[in-house]
Amino acid sequence: MDHVNETIKTHPKSCLKNHCGRCCAHECGGAAALTDGEREMLELLAQYAFLPLAFDPASEEPVCLERTDRRQEETSAALLSLWEKRLIRIDYDMPLENYDYSAYTQYERYGSAALTAFGQETLDQLEAI
């Protein structure tokens, strides 16, 4: 499981400075290019602050069972994309306190997702448009 933590810590160096807007929101004032699923996930995180999730070792993707309106593959892809864009944090070692993870018992690692400050700024920019 150490490779999971290492994967989550890794981020393309091109995204650390001079954002182009294709992978991250523009630092120069433009809004990020987001899919509908990504935007919905950002809005959901803005509403609830934290979402429970688990790590699926078979697909090496996050699993969020709270989204019943989309296929799990779409939700996982949206979460990973938002994480790559530095708009959310995914912490597999930080489960939500007092949350009932019983729906996630098939997974051995539980955690949470949350907006980053950059994610909140991006959401604010998108709402202003």
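In the predicted model, 67% of the contacts in the protein chain between residues at least 6 apart in sequence join residues at least 24 apart. The secondary structure of the protein chain consists of four helices and four strands. Read from the N terminus, the order of these elements is α-α-β-β-α-β-β-α. The protein chain has 129 residues, of which 43% count as buried.

Two of the helices were examined as a pair. Helix α2 covers residues 36-48 and helix α3 covers residues 72-84. Their axes come within 9 Å and cross at roughly 75°. Since angles of 65 to 115 degrees count as roughly perpendicular, α2 is roughly perpendicular to α3. On the α2 side, the residues that meet α3 are Gly37, Glu38, Met41 and Leu42. On the α3 side, the residues are Thr75, Ala78, Leu79, Ser81 and Leu82. By residue class, the contact of α2 with α3 is made up of five nonpolar, three polar and one charged residue.

Strand β1 was followed through several of its residues. Phenylalanine 50 is found in strand β1 and is partly exposed, because its relative accessible area is 47%. With neighbours within four places in sequence left aside, phenylalanine 50 is in contact with Leu45, Leu96, Ala113 and Ala114. Phenylalanine 50 and leucine 115 are 65 residues apart along the chain, yet their C-alpha atoms are separated by 7.7 Å.

Proline 52 also belongs to strand β1. With a relative accessible area of 4%, proline 52 is buried, because buried means under 20%. When neighbours within four places in sequence are left aside, the contacts of proline 52 are Val63, Cys64, Glu66, Leu96, Tyr99, Tyr101, Tyr104, Gly111 and Ser112. For one of these residues, glutamate 66, the C-alpha to C-alpha distance from proline 52 is 7.7 Å, at a separation of 14 residues in sequence. Leu96 is in contact with proline 52 and is also in contact with phenylalanine 50.

Aromatic rings were considered next. Rings count as paired if their centres lie within 6.5 Å, and by this rule the count comes to four aromatic pairs. In one of them, the ring centres of phenylalanine 55 and tyrosine 92 are 5.1 Å apart and the ring planes stand at 70°, so the pair is edge-to-face. This pair links distant parts of the chain, as its members are 37 residues apart. Phenylalanine 55 is in strand β1 (residues 50-56), whereas tyrosine 92 is in the loop between β3 (88-91) and β4 (109-115). Phenylalanine 55 counts as buried because its relative accessibility is 5%. Tyrosine 92 is buried as well, with a relative accessible area of 4%.

A second pair is formed by tyrosine 99 and tyrosine 101. The centres of these two rings are 4.9 Å apart and their planes are at 75°, so the arrangement is again edge-to-face. The relative accessible area of tyrosine 99 is 31%, so tyrosine 99 is partly exposed. Tyrosine 101, in contrast, counts as buried at 9% relative accessibility. Ring pairs join Tyr99 and Tyr101 with Tyr104 and Tyr110 into a cluster.

Positive phi angles were noted in two residues. Glutamate 60 is not a glycine but has a positive phi of about 55°. Glutamate 60 is placed in the loop between β1 and β2 (61-63). With a relative accessible area of 46%, glutamate 60 is partly exposed. Arginine 86, another residue other than glycine, has a positive phi near 65°. The position of arginine 86 is in the loop between α3 and β3. Arginine 86 counts as partly exposed because its relative accessibility is 37%.

Conventions. Residues are numbered from 1 along each chain as its sequence is written. This is a predicted model: local features need pLDDT of at least 70, side-chain atom pairs count only at pLDDT 80 or more; totals for chains, interfaces and linings use all residues. Side-chain values use heavy atoms; hydrogens and water are left out. Rings of Phe, Tyr and Trp (its six-membered ring) pair if their centres lie within 6.5 Å; planes under 30 degrees apart count as stacked, over 60 as edge-to-face and the rest as tilted. Buried means under 20% relative accessible area, exposed over 50%, partly exposed in between (1.4 Å probe, protein chains only). Contact means heavy atoms within 4.5 Å. Axes are lines fitted to C-alpha atoms, for helices over the stretch in contact, and angles run from 0 to 180 degrees between N-to-C directions. Angles under 35 degrees count as roughly parallel, over 145 as roughly antiparallel, 65 to 115 as roughly perpendicular and the rest as oblique. Ala, Val, Leu, Ile, Met, Phe, Trp, Tyr, Cys and Pro count as nonpolar, Asp, Glu, Lys and Arg as charged, and the others, Gly among them, as polar.
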